[in-house]
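I'd like to walk through one chain with you, from the overall fold down to a few side chains. Let me put it on the screen.

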Amino acid sequence: HSDSTKIIVNISFFEVGIGITANTTLLFFHVHTFLLKHRLKPTDLLIGHLALIHIVMLLTMGFMATDIFGSQKIWDDIKCKSVISLYKLMRGLSICTVYLLSVTQLKHKLSLHNLYCIPILWVFNMTISGYFLISVIATPNVTALHLLFVTESCSLSPMSYFLGYIYSALATFQGVFLMGLTALSSGYMVVLLYGHKRQSQHLHSTNLSPKASPEERATHTILLLMSFFVVTYFWDFIFSSSSTMMWNNDPVHLCLQMLLGNGYATISPLVLINREKTQIIRVLK
């Protein structure tokens, strides 16, 4: 069991390290582009916003991973509340920003209006994560059932049914509803791409392999990210639900759940960097 624990710990920190490095590179590239051109496309602004969210999310995941497997210092109430609430805030903002990115890719005319939604998303997700500011407590010896996050030092205290129902309703809306909409917009993107491809083949019948436009390549990338995000979120939902139903507080199980749930935060910047690798290399030089 100790060997498997070491492997999970090493994989966790490897994921965090790669993810933070990739997201920092992506954020630096978009900030540099903005400083040079003084303007960015709405999708680029959202990607930069997402990269910043993922940096903070992966940092807090690293802190939680150290405490899941036991740390030398026992966390107090303030550290437990701040780290876990911040993680939940970033996770919620990631879900909302991914959905906003998919909508912006589809409806360019509405893209500027979509950007005004970002402050609203912060307020909405801060309201949800506020639940953890109230319910998370420092417990040096975890022996009871805790539904969402358990570390060596932190646990969830029992809340009133009323607050529990409010949190469940908001979290369900945020997760299931937005993921459903993201899946629908991804499906709509597939239909648009297929129609555009057929039209392009018809117009360029003399050319057997017409090149995809930059807009098409960007849509392909966003579609790939949307699909991967929906799949990882779905499996993370199944994983966390089974963990709750089985009263499973095993640290390896919990860290595997975090690895799966945060895989998107590590892989998505690598996909985006690959798309912009020529410009990014030029900027880094």
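Let me start with helix 2: 21 of its 27 residues are buried, so this helix is largely enclosed by the rest of the structure. Buried here means under 20% relative accessible area, exposed means over 50%, and partly exposed is in between, with a 1.4 Å probe and protein chains only. Helices (H or I, at least four residues) and strands (E, at least two) are DSSP runs, numbered from the N terminus.

Some ground rules. This is a predicted model, so local features need pLDDT of at least 70 and side-chain atom pairs count only at pLDDT 80 or more, while totals for chains, interfaces and linings use all residues. Residues are numbered from 1 along each chain as its sequence is written, and side-chain values use heavy atoms, with hydrogens and water left out.

Back to helix 2, residues 42-68. How far apart are its end C-alpha atoms? They are 38 Å apart, which agrees with the 39 Å that 27 residues should span at 1.5 Å a residue. The expected span is 1.5 Å times one less than the number of residues.

Now zoom out. The chain has ten helices and two strands, and from the N terminus the order reads α-α-α-α-α-β-β-α-α-α-α-α. Of its 285 residues, 45% count as buried.

The unreviewed UniProt entry lists "transmembrane region" for several stretches, including residues 45-65 and 85-103. UniProt positions are given in the numbering used here, feature names are shortened, and such annotations may be inferred rather than shown by experiment. In the model, residues 45-65 are 100% helix and 0% strand, with end C-alpha atoms 30 Å apart. Residues 85-103 are also 100% helix and 0% strand, and there the ends are 27 Å apart.

On to the packing. A nonpolar core here is a set of buried Ala, Val, Leu, Ile, Met, Phe, Trp, Tyr and Cys residues joined through side-chain atoms within 4.5 Å. The largest one has 56 residues, and M61, F132, V136, M226 and Y264 touch the most other members. Helix 3, residues 77-106, gives the largest share of this core, twelve residues.

Let's follow Y264. It's one of the buried residues of helix 9, along with G263, A265, T266, S268, P269, L272 and I273. Helix 9 has 13 residues and reaches 19 Å from first C-alpha to last, close to the 18 Å expected. Beyond its neighbours within four places in sequence, Y264 is in contact with residues including L50, H54, V98, M226 and F228.

Pick up two of those partners. H54 sits in helix 2 and is buried at 1% relative accessibility. Leaving out residues up to four places away, H54 touches N23, S94, Y264, A265 and S268. F228, in helix 7, is partly exposed at 27%. F228 and Y264 are 36 residues apart in sequence, yet 7.3 Å apart in space, C-alpha to C-alpha.

Is N262 buried or exposed? Buried, with a relative accessible area of 0%. Setting aside neighbours within four places, N262 is in contact with E15, M57, L58, M61, Y87 and R91.

Last stop, aromatics. Rings of Phe, Tyr and Trp (its six-membered ring) pair if their centres lie within 6.5 Å; planes under 30 degrees apart count as stacked, over 60 as edge-to-face, and the rest as tilted. That rule gives one aromatic pair. Y131 and F132 have ring centres 5.3 Å apart and planes at 90°, so the pair is edge-to-face. Y131 is buried at 17%, and F132 is buried at 0%. Y131 lies in helix 5, and its C-alpha is 7.9 Å from that of L163, 32 residues apart along the chain.

Definitions and conventions
Contact means heavy atoms within 4.5 Å.
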